[in-house]
Amino acid sequence: MAQYNKVKAKHPEALLLFRVGDFYETFGEDAVKAAQVLGITLTSRNNGGSDVELAGFPYHSVDLYLPRLVRAGYRVAICEQLEKPSKDKKIVKRGVTEIVTPGLAVDDQLLEHNSNNFLASVAPGRSRKDPCGLSLLDLSTGEFLVAEGSTDYIDKLLQSFQPKEVLLSKDRRKDFEQLFGDRFYLSPLDEWVFTPDYTTEKLLKQFQAISLKGFGIEELERAKIAAGATLHYLETTENRNLKHINRIGRLANDRYVWLDRFTIRNLELIYSPHDHGVPLVNIIDRTVTPMGGRLLRKWVVLPLKDMKAIRERHEAVRTFVQSPPLLQDLDTSLKQIGDVERLISKVPLGKVNPREIRALSRALCAMEPIRELLLEAGSDVLAAMGEKLDPLPDVCDAIDRQLREEPAVNLSKGGVIADGFDELLDELRDVTRNGKSRLAAIQQRESERTGISSLKIGFNNVFGYYLEVTNKYKKAVPPEWTRKQTLTSAERYITEELKVLEDKILHAEEKILQREEELYEELVAWLHQYIGPVQRNAGVLAQVDCLLGFAKVANRDRYVEPEMHAERDLEIEAGRHPVIERQLEVGEQYVPNDVRLDPDDQQIIMITGPNMAGKSALLRQTALICLLAQMGSFVPAKRARLGIVDRVFTRVGASDNISSGESTFMVEMNETASIMNNITDRSLILLDEIGRGTSTFDGISIAWAIAEYLHNNGRARPKVLFATHYHELNELAASLPRVHNYSIAIKEHGNRIIFLRKLVPGGSQHSFGIHVARMAGMPAEIVARAGNILTQLEQQHITGEVDPHEGETGQPTAPHVTPNTLSADAMQLSIFETADPTAGRLRELLDQVSINNMTPIECMMKLQELKDLVRAAD
Ligand SMILES: Nc1ncnc2c1ncn2[C@@H]1O[C@H](COP(=O)(O)OP(=O)(O)OP(=O)(O)O)[C@@H](O)[C@H]1O
């Protein structure tokens with residue numbers, strides 16, 4: 001236990017797997033945790049008078065159990081036996097060879113094949129205004145990225161790349177959680193690690209450079225600190241063979257469309273906050289290699305702004321769409337590639353198994369036809385990619401010559417190196433296969449040479465193989481034979497040749513394994529020089545895979561090539577929502593819609609319509625079409641003419657989000673304020689039910705003010721889609737020339753609303769909450785009464801009087817209150833204080849009650865609340 005305690009003391013935070021013979025053992029608290037997570041038996045044993053808990057599992061089950069421990073959130077230190085146990089030594093030398101954490105995973109069982117496994121490191125500036133540094137490393141692929149910028153930018157990147165673990169300085173933990181939330185697996189490091197000199201030195205050493213200029217990150221002080229701290233962490237966690245981390249790239253803020261983290265979430269680009277939601281990436285991911293899948297996830301959160309680069313991607317997709325045989329052939333070849341990127345990273349990490357090296361050669365062989373197909377595809381863009389591919393015939397050849405066609409996965413089992421590659425190995429294998437026949441051959445040859453016809457070969461444990469000569473032939477024994485034993489009727493001899501063969505036979509198996517290991521290690525060491533070239537190939541193939549995937553989606557879902565232009569307007573004809581259109585029930589058709597936004601004419605589109613009409617879908621599909629185009633994909637539309645957008649902002653009204661507990665009205669307003677401060681002429685802004693999280697007056701007033709600002713600010717004219725229940729906002733169009741009213745058409749049929757899903761010019765003139773409440777089974781008189789009370793309560797705020805009986809006989813009328821009709825005082829009051837909460841809540845309930853997007857229980861609860869409010873007001 002003394003040895004264990006010593007090792008454990010060095011890694012107090014880790015759960016220690018301590019190798020004892022054929023088992024990994026855990027002790028004390030670690031054993032309790034391991035037994036709980038792994039479901040293994042917890043026992044105890046006596047140690048110096050007291051009992052200590054103990055739980056273990058066989059060493060060969062480590063692949064099964066280790067991932068479970070790491071997934072349960074533990075840092076796991078693996079302590080191996082560093083020497084073979086021998087009889088003379090009582091205690092075997094042991095040491096920690098690996099520490100595995102969620103961010104340091106490299107084993108296939110711990111990784112998702114088409115997602116990166118990023119370890120982030122964050123170095124915030126001194127104050128919130130200072131730039132914040134971030135680095136992201138995927139140890140399993142060697143990809144190393146840095147970024148520096150505002151905390152919003154870093155927040156967005158953390159959201160986009162979803163690191164599995166985040167390093168930070170111990171003293172900045174609170175700051176970090178305030179800035180970025182508490183949803184990350186944090187590994188705090190000592191403060192001194194995050195210092196410029198130390199971290200720069202780490203980077204220079206890793207990249208064997210005298211300056212970081214060549215990487216384009218020289219200026220990024222905070223980012224360099226973050227990246228250097230990552231290298232420090234790797235060292236302290238026993239990750240020392242890092243040749244595959246040979247480059248560091250910069251995530252330049254200005255190259256990509258700015259998507260803040262709310263937008264990434266609201267547009268459900270890479271994940272969906274809803275239980276059964278499907279993110280965009282799932283719909284457009286038709287990649288066939290894991291590298292392609294991983295790259296696509298980056299393309300989705302980093303759409304391009306550079307026209308040339310976007311057009312190049314479109315050209316590639318067009319070429320594939322126009323040539324089905326090319327698409328088919330490339331697809332077939334790509335399917336043979338596998339995950340060469342992760343595979344080559346295992347070479348320096350010393351984790352590559354023989355079968356994976358074989359797979360590497362198969363992948364390299366498949367690259368040649370891919371290269372040719374790209375070169376002859378008739379597209380400059382694809383030809384340039386083809387040029388970059390290097391199938392490395394030498395590597396392919398060397399692996400083919402050295403490894404068996406189907407080598408064992410486990411080197412220690414042998415059967416890895418090909419026959420005919422190494423003379424010594426061949427000889428040893430021959431000995432094991434033909435030991436007996438070789439002995440027989442010696443016997444026969446010597447018998448013929450000496451004329452001793454009764455010559456026999458035998459074996460005993462004292463002196464091994466011998467030649468036995470009966471007394472009759474004693475005189476024929478040649479002088480070079482050495483006599484070893486005399487029996488009554490015969491004598492036994494050994495010869496040099498027999499001893500050599502004996503040695504080979506007796507130790508052949510062991511020597512074969514040893515020789516195979518030597519040769520294999522030589523091969524792996526030789527492969528180190530090809531890490532960079534294989535990574536570059538993997539990068540090209542990932543791009544081809546993504547572009548090919550876009551072409552497949554375009555064919556499957558009838559996407560068209562968008563026409564990108566230098567102006568700022570956008571025009572989408574018969575656009576569709578890429579996700580919703582694939583989710584519709586059989587027989588349902590997605591209704592396409594036209595959208596035109598032009599900063600000089602139709603800058604802001606105000607869309608009204610009832611619950612479930614399709615307002616949000618239209619907003620989102622417009623943004624998704626722009627983003628898909630800028631990712632390089634074709635788009636779900638009949639035709640699209642698009643000016644580049646540089647930022648996409650989305651805000652969803654608080655009540656839509658309230659279930660997630662993340663968005664309060666205050667947060668919504670903060671976020672909206674940040675949009676207002678960051679707009680540009682090329683921004684696309686989606687405002688969905690903004691202001692809904694407060695009372696009706698506040699909501700309308702705020703939405704009104706925002707729309708006015710977006711129209712009149714004089715700084716920038718972003719393109720805006722504004723979806724709202726407040727039909728009062730339609731009045732804005734009268735005074736603001738670039739605001740245009742639209743609504744989503746519905747048809748009222750008896751008691752039913754039929755959703756036509758068609759965007760039509762002109763705003764809707766009344767609130768539909770009442771209809772929807774009626775459809776939901778609310779007695780008509782309650783619905784009518786609710787409408788009346790609401791009108792009265794709102795009147796009360798304007799005039800200060802109320803007549804609760806007014807309007808009782810009339811039809812339920814929707815309130816008609818706009819900032820134009822409100823007195824200045826009322827406006828003031830409504831913005832800074834919450835207006836009559838009953839009115840607000842009533843209005844909200846009327847707007848929200850919908851049989852379509854609520855569970856029956858939610859619907860019942862809202863109806864009950866509505867009834868209660870009506871009764872209370874009466
Ligand atoms: N153009 C369309 N074609 C077919 N179905 C559609 C279309 N637009 C929306 N839908 C369907 O209608 C549902 C509701 O749409 P959406 O959420 O956009 O409505 P909404 O008007 O924003 O409602 P709410 O105000 O409640 O948020 C969608 O989930 C989708 O299934």
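Modeller: K615 is part of helix α21, where helices are DSSP runs of H or I with at least four residues, strands are runs of E with at least two, and both are numbered from the N terminus. The model is a predicted one, in which local features need pLDDT of at least 70 and side-chain atom pairs count only at pLDDT 80 or more, while totals for chains, interfaces and linings use all residues. Residue numbers start from 1 along each chain as its sequence is written.

K615 counts as buried because it has 24 C-beta neighbours inside 10 Å. The classes are buried for 20 or more other C-beta atoms within 10 Å of the residue's own, exposed for 12 or fewer, and partly exposed in between, with C-beta atoms placed from the backbone. Leaving out residues up to four places away in sequence, K615 touches I607, G609, A723 and I744; contact here means C-beta atoms, placed from the backbone, within 7 Å.

K615 is also among the closest residues to the ligand, together with G614, S616, A617 and R757. The ligand is surrounded by 13 residues, a residue being near a molecule if its C-beta atom, placed from the backbone, lies within 6 Å of it. Helix α21, residues 615-631, gives the most to this shell, with three residues. By type, the shell divides into six nonpolar, five polar and two charged residues. In that division Ala, Val, Leu, Ile, Met, Phe, Trp, Tyr, Cys and Pro are nonpolar, Asp, Glu, Lys and Arg are charged, and the others, Gly among them, are polar.

The unreviewed UniProt entry carries a "binding site" annotation that covers G609, P610, N611, M612, A613, G614, K615 and S616; UniProt positions are given in the numbering used here, feature names are shortened, and annotations may be inferred rather than shown by experiment. One of these residues, P610, sits in the loop between β21 (604-608) and α21. P610 counts as buried because 23 C-beta neighbours lie inside 10 Å.

D430, in helix α17 (residues 423-450), has 15 C-beta neighbours inside 10 Å and therefore counts as partly exposed.

Helix α10 (residues 290-301) is largely enclosed by the rest of the structure, because 11 of its 12 residues are buried. Among the buried residues are R294, R297 and W299. The end C-alpha atoms of α10 are 17 Å apart, which agrees with the 16 Å that its 12 residues should span at 1.5 Å a residue; the expected span is 1.5 Å times one less than the number of residues.

Turning to the strands, two of them pair if DSSP finds at least two bridges between them. Strand β17 (residues 490-494) runs antiparallel to β15 (residues 464-470), joined by four bridges, and L467 stands opposite Y493 in β17. Four bridges also pair β17 with β16 (residues 482-486) in the antiparallel sense, and T482 has I494 as its bridge partner in β17. The hairpin from β16 to β17 passes through three residues.

A separate topic is the open sheet of six strands, ordered β11-β10-β7-β8-β9-β12 with mixed pairing. Its edge strands, β11 (186-189) and β12 (249-250), each have a single partner strand, so one side of each is left without a neighbour in the sheet. Within this order, β7 (residues 118-123) and β10 (residues 165-169) pair in the parallel sense over three bridges, with A120 opposite V166 in β10.

Technical notes:
Two residues are in contact if their C-beta atoms, placed from the backbone, lie within 7 Å.
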